[in-house]
Amino acid sequence: MAAKDYTRICNNCGNRWLLPKEWATEKAPRGSQVKAMGRASLFAIGKQRERYSMQSMALQGQQERVLSNARCPGCGSSEYTQYKPGDAPPSS
Ligand SMILES: [Zn+2]
């Protein structure tokens, strides 16, 4: 069974966690982009407003996901080493 997940190992406490590729490689949207979309959704009306607020929520969700995945679930450190599927992370 081939591993599909990326492995991140905390540089601080050695904790390891797995991430699917989409999450391991996605970038957080810029804060200004998230804010602009939030504002756009306030001023838009009707269908446009719906669309903006969905995009706004999606951006916020993505931002939160990236930030929380970039932090060790054990100690909260954001220093980690990432291994691709197929790489052999050192066995602890
Ligand atoms: Zn840690």
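How do strand β1 and strand β2 pair, and over how many bridges? They pair in the antiparallel sense, over 4 bridges. β1 covers residues 6–10 and β2 covers residues 16–19. Two strands count as paired if DSSP finds at least two bridges between them.

Some ground rules. This is a predicted model: local features need pLDDT of at least 70, side-chain atom pairs count only at pLDDT 80 or more, and totals for chains, interfaces and linings use all residues. Residues are numbered from 1 along each chain as its sequence is written.

Now the overall plan. The protein chain has 3 helices and 3 strands. Both are DSSP runs, numbered from the N terminus: helices are H or I with at least four residues, strands are E with at least two. From the N terminus on, the order is β-β-α-α-α-β. The radius of gyration is 17 Å, well over the 12 Å that the globule rule gives for 92 residues, so the chain is more spread out than a compact globule. That radius is taken over C-alpha atoms, and the rule is 2.2 Å times the number of residues to the power 0.38. Along its principal axes, the C-alpha trace spans about 55 × 30 × 15 Å.

Next, the sheet. The 3 strands form an open sheet, in the order β2-β1-β3, with antiparallel pairing. β2 and β3 (80–83) stand at the edges with a single partner strand each, so one side of each is left without a neighbour in the sheet. Neighbouring strands are turned by 25° against each other on average, direction ignored. Those axes are lines fitted to C-alpha atoms, for helices over the stretch in contact, and angles run from 0 to 180 degrees between N-to-C directions.

Let's walk along β1. On the β2 side, Y6 has L19 as its bridge partner, and R8 stands opposite W17. The hairpin of β1 and β2 has 5 residues between the strands, and G14 takes a positive phi near 85° there. T7 stands opposite Y83, and C10 stands opposite Y80.

Buried means 20 or more other C-beta atoms within 10 Å of a residue's own, exposed means 12 or fewer, and partly exposed is in between, with C-beta atoms placed from the backbone. Across the chain, buried residues make up 8% of the 92 residues.

Last stop: helix α3. Its 24 residues should span 34 Å at 1.5 Å a residue, and its end C-alpha atoms are 35 Å apart, which agrees. The expected span is 1.5 Å times one less than the number of residues. Its buried residues are Y52, S56 and L59. What covers them includes α2 (31–43). Contact here means C-beta atoms, placed from the backbone, within 7 Å.

S68 is also in α3, which runs over residues 46–69. Why does S68 count as exposed? Because S68 has 9 C-beta neighbours inside 10 Å. S68 and W23 are 45 residues apart in sequence, and 11 Å apart in space, C-alpha to C-alpha.

How values were computed: Contact = placed C-beta atoms within 7 Å.
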